[in-house]
Amino acid sequence: MRKENVFKIEKLTVYYGASSALQNVDIDIPEKSITALIGPSGCGKSTFLRTLNRMNDLIPECRITGNVLLDNENCYKNGYDIIGLRKRVGMVFQKPNPFPMTIYDNVAYGPRCQGVKNKEQIKKIVIEALEQAALYDEVKDRLETSALALSGGQQQRLCIARALAMKPEVLLMDEPTSALDPIATLKIENLIEKLKEDYSIVIVTHSMQQAARISDYTAFFYMGELIEYGKTDQLFSVPKHKQTEDYITGRFG
Amino acid sequence: MNIRERFDASMQENDRLVLKMMSRVKTLYEAIFDVLKENDIKAAEAIIDGDIEINALEELINEHAYIVILKQCPVASDLRKLVTAIKVANELERIADYAANIAVYIKKTVQNNESYRKLMYIYRDPLVKMLETLLEAYHETDVKKAFDVCDIDNKIDVIYEEQIKKFISITREKTQIVAEEASRALLVIKQLERAGDHLTNIAEHIIFLKTGKHVTLN
């Protein structure tokens, strides 16, 4: 069955001041799949990721042209509900960044901000999100202790739970395992693969093996351009472009 | 700038081993046809030794490719190259077995079998040409040359079909001894025909190496 596209990006160009970080990118992000963005540092992959929930708005010099359509609606049109967008498009960062509060409050924070008052309802959301993030069993007896006492891998899963508590449609992940040890990495990867049943996931990774292991689609960026985008199996076995081949085989530079 | 020197050296070693094995098989086939031409029983012994050496090369290629895959996590054309090496080595090992089987036939056959040996010798040029072309095709990752190999195999198949008919008529007409001789010779020809098929398989693997697509040529 062919999947629908959750995002449709048309002729996207992103400028930081006078120079462009991304040029003329066209790409469709399929729903309920894992899309990996790869490429050397400075290639524009994180910039691209951040256009999907308008995180780049926080950078004063940043300006974009082109369209970023979420469910066929341009996220950059005037009056677009940015808070609503970030609720629908959650994000997990490279370094686990739990709030300095209890495990429970970390996950409850989002729903509370959204105006959920009913304690039972919040509790249900928190437990569900922790379960989905494969963390609940490890922390169920210490939900009221500080999140900062968790291990790095647990903290990252807590951040994923915090994002899931907002019931997003899309989850953006910016190198979510690069600060974790190999076992914690595999746990997160395993989790991401499970999450794609319900969420559309876009992940930036510097680990080509990680992209090959978990993603359904891979996009290779180089110097602000989307060089190649396709099914992961195809891109890693028979890439169409020489630049892609050179990068994934480690013969770059 | 080369940033994967050790890896590139491993890939070159892989190529070196595959080409060495292919070239040894070619030498083995040239030798087996010399044996067929002269009915040289002593030289047939050397063929059997040559096959043992080729078996060892297959193991070496497999082990080497396995370790490179293990340590370097190759992708794209690198991965295809290592997978191809394992497959090609397997085909070459089989092809060398056929040569050894033929050597055994020569040793066992005491009667004057010259007319049969002449029929067998017809396979020499096409088989050696296939091996030569494959050496170049692998070395240059040349799809066109891989297809040329398949064309030669088609010619072998035609020769084989004709010879089979001839052998069947011989076994009908002559005495029991002749029929036995013809049957043995038939087995040899079957080996030569199969060698052609496996050489064509190698051509298919080279096409995979270049294009990533699996094709069936025979």
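B:A99 lies in helix α3 of chain B, which spans residues 76-108, where helices (H or I, at least four residues) and strands (E, at least two) are DSSP runs numbered from the N terminus. The model is predicted, with local features requiring pLDDT of at least 70 and side-chain atom pairs counting only at pLDDT 80 or more, while totals for chains, interfaces and linings use all residues. Residues are numbered from 1 along each chain as its sequence is written, chains are lettered from A in the order in which they are written, and side-chain values use heavy atoms, with hydrogens and water left out.

B:A99 counts as buried because its relative accessibility is 0%; buried means under 20% relative accessible area, exposed over 50%, and partly exposed in between, with a 1.4 Å probe and protein chains only. Leaving aside residues up to four places away in sequence, B:A99 touches B:L28, B:Y29, B:I32 and B:I47, a contact being defined by heavy atoms within 4.5 Å. The C-alpha atoms of B:A99 and B:D51 are separated by 7.7 Å, although these two residues are 48 residues apart along the chain.

**Chain B as a whole**

Chain B has seven helices and zero strands, so that its elements read α-α-α-α-α-α-α from the N terminus on. Its C-alpha atoms fill a box of roughly 70 × 30 × 20 Å, taken along the principal axes. Of the 218 residues in chain B, 50% are buried, and among the contacts with a separation of 6 or more, 81% are made by residues 24 or more positions apart. The accessible surface of chain B is about 10800 Å², with 53% belonging to carbon and sulfur atoms, as computed by the Shrake-Rupley method with a 1.4 Å probe. Chain B carries 31 positive and 37 negative side chains, and the centres of the two sets lie 1 Å apart; Lys and Arg count as positive and Asp and Glu as negative, whereas His and the chain ends are not counted.

**The contact between the chains**

The size of an interface is often given as the accessible area lost when the parts come together. Between chain B and chain A the buried area is about 1000 Å², of which carbon and sulfur atoms give 46%, the loss being summed over both parts with a 1.4 Å probe. Chain B supplies 14 residues to this contact and chain A supplies 12 residues. Two salt bridges are found across the interface, each requiring a side-chain nitrogen of Lys or Arg within 4 Å of a carboxyl oxygen of Asp or Glu. B:D8 forms a salt bridge with A:R251, with the closest N and O atoms 2.7 Å apart.

**Residues with positive phi, and a buried glutamine**

Most residues other than glycine have a negative phi.

In chain A, A:Q155 lies in helix α6, residues 152-164, and counts as buried because its relative accessibility is 13%. With residues up to four places away in sequence not counted, A:Q155 touches A:P96, A:P98, A:A147, A:L148 and A:L150.

How values were computed:
The place of a charge is taken as NZ of Lys, CZ of Arg, CG of Asp or CD of Glu. Buried area is the accessible area (1.4 Å probe) that two parts lose on being put together, summed over both.
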